[in-house]
Amino acid sequence: MSQISAMIPKIFHVVTWGYYVFVLCYWLQIHVPDNMKVNMPHLRYHWWQYLTVWNLIIQALNVLLCVISDYLDSGNPRKVLLEAKEKLEWTRDTLFQSLTFPLGNCVFVVFWATFAYDRELIYPAGFDAFIPFWYNHVLHTAVVFFPWVEMIICQRPFDELKLRYLYGLAVIAVYNALLITAACVQGFWTYPILGMLTPVQKMLYFLLVYSIFTTLYIVGCRANDKICGNGLSGLVNSYRRKIDKKSL
């Protein structure tokens with residue numbers, strides 16, 4: 001039973017990595033009609049302006065690090081390999097805590113809250129002509145599941161220091177800087193909602209997004225401590241101990 005439980009994360013990571021490769025490849029082959037009447041950057045050529053794509057790439061990178069870490073031979077006594085594995089795991093865990101979890105949940109919350117209010121502000125109806133309904137949910141709904149499943153089955157250690165939080169904020173700040181630069185160059189904002197706001201309202205909107213990101217970062221830390229825990233406090237650890245006792 002313990003061997004089966006040890007294989008579950010490895011299988012999950014391989015399957016999830018294949019899934020993200022498919023999702024990103026599908027994005028690259030999206031054909032945008034020349035007569036599209038949506039005043040937003042081209043999805044394929046200006047993909048870097050969309051936070052949704054940033055989130056997909058970050059999640060895919062996190063899964064790739066998980067796959068490499070899972071199958072890297074930890075039994076090899078060579079010091080260089082052991083040090084490489086430790087650095088890889090530190091990078092994987094830092095990326096998960098600082099960005100993968102809070103950003104994935106943030107994209108879900110911000111997108112669907114705005115979509116429910118007025119979809120034209122973030123995902124105009126014109127997109128339905130060339131983006132399937134199911135792919136919209138792949139981009140903005142399914143992204144919330146990987147971080148939670150990863151947290152539950154893999155028990156990643158979270159750092160109590162604020163440094164990882166600052167890493168996440170730094171990446172979001174870089175994205176916002178690119179977003180503002182792109183708006184100045186192309187003459188319109190990536191997301192229609194930003195084009196409707198005054199400068200002060202834009203600042204408040206960015207602060208709101210930062211606040212949501214921060215809240216979800218804290219939720220991730222609290223949930224990780226509650227679900228995974230350290231030592232005897234984790235619910236998952238307790239469940240696994242019961243399974244192991246039954247198998248003896």
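Guide: Happy to. The structure holds 3 salt bridges. Before we look at them: this is a predicted model, where local features need pLDDT of at least 70, side-chain atom pairs count only at pLDDT 80 or more, and totals for chains, interfaces and linings use all residues. Residues are numbered from 1 along each chain as its sequence is written, and side-chain values use heavy atoms, with hydrogens and water left out.

Visitor: What makes Lys85 and Glu89 a salt bridge?

Guide: A salt bridge is a side-chain nitrogen of Lys or Arg within 4 Å of a carboxyl oxygen of Asp or Glu. For Lys85 and Glu89 the closest N and O atoms are 3.2 Å apart, so the pair meets that rule. Both residues lie in helix α3 (residues 79-118), 4 residues apart, about one turn of the helix. In general, an α-helix has 3.6 residues a turn, so residues three or four places apart point the same way.

Visitor: Why is Lys85 called buried?

Guide: Buried means under 20% relative accessible area, exposed means over 50%, and partly exposed is in between (1.4 Å probe, protein chains only). Lys85 has 12% relative accessibility, so it counts as buried.

Visitor: Which other pairs form salt bridges, and how far apart are the closest N and O atoms?

Guide: Arg92 pairs with Asp93 at 2.9 Å, and Arg92 and Asp93 are both buried. Arg119 pairs with Asp128 at 3.0 Å. Asp128 has a relative accessible area of 43%, so it is partly exposed.

Visitor: How do you know that the span of helix α8 agrees with its length?

Guide: Helices here are DSSP runs (H or I, at least four residues; strands are E, at least two), numbered from the N terminus. The expected span is 1.5 Å times one less than the number of residues. Helix α8 (residues 199-227) has 29 residues and should span 42 Å; its end C-alpha atoms are 41 Å apart, so the two agree. Buried residues in α8 include Tyr205, Phe206, Val209 and Phe213. As for the whole protein chain, it has 9 helices and 0 strands, and 44% of its 248 residues count as buried.

Visitor: Why is Cys154 said to be in no disulfide?

Guide: A disulfide is a pair of cysteine sulfur atoms within 2.5 Å. A search of the whole structure finds 0 disulfides. For Cys154, the nearest cysteine sulfur, that of Cys66, is 6.2 Å away. Cys154 is at 13% relative accessibility, so it counts as buried. Cys25, at 47%, counts as partly exposed.

Visitor: What makes Asp70 buried, and which residues is it in contact with?

Guide: Asp70 lies in helix α2. At 18% relative accessibility, Asp70 counts as buried. Contact means heavy atoms within 4.5 Å. Leaving aside neighbours within four places in sequence, Asp70 is in contact with Pro9, Lys10 and His13.

Visitor: And where does Ile57 sit, buried or partly exposed?

Guide: Ile57 is found in helix α2 (residues 51-71). At 37% relative accessibility, Ile57 counts as partly exposed.
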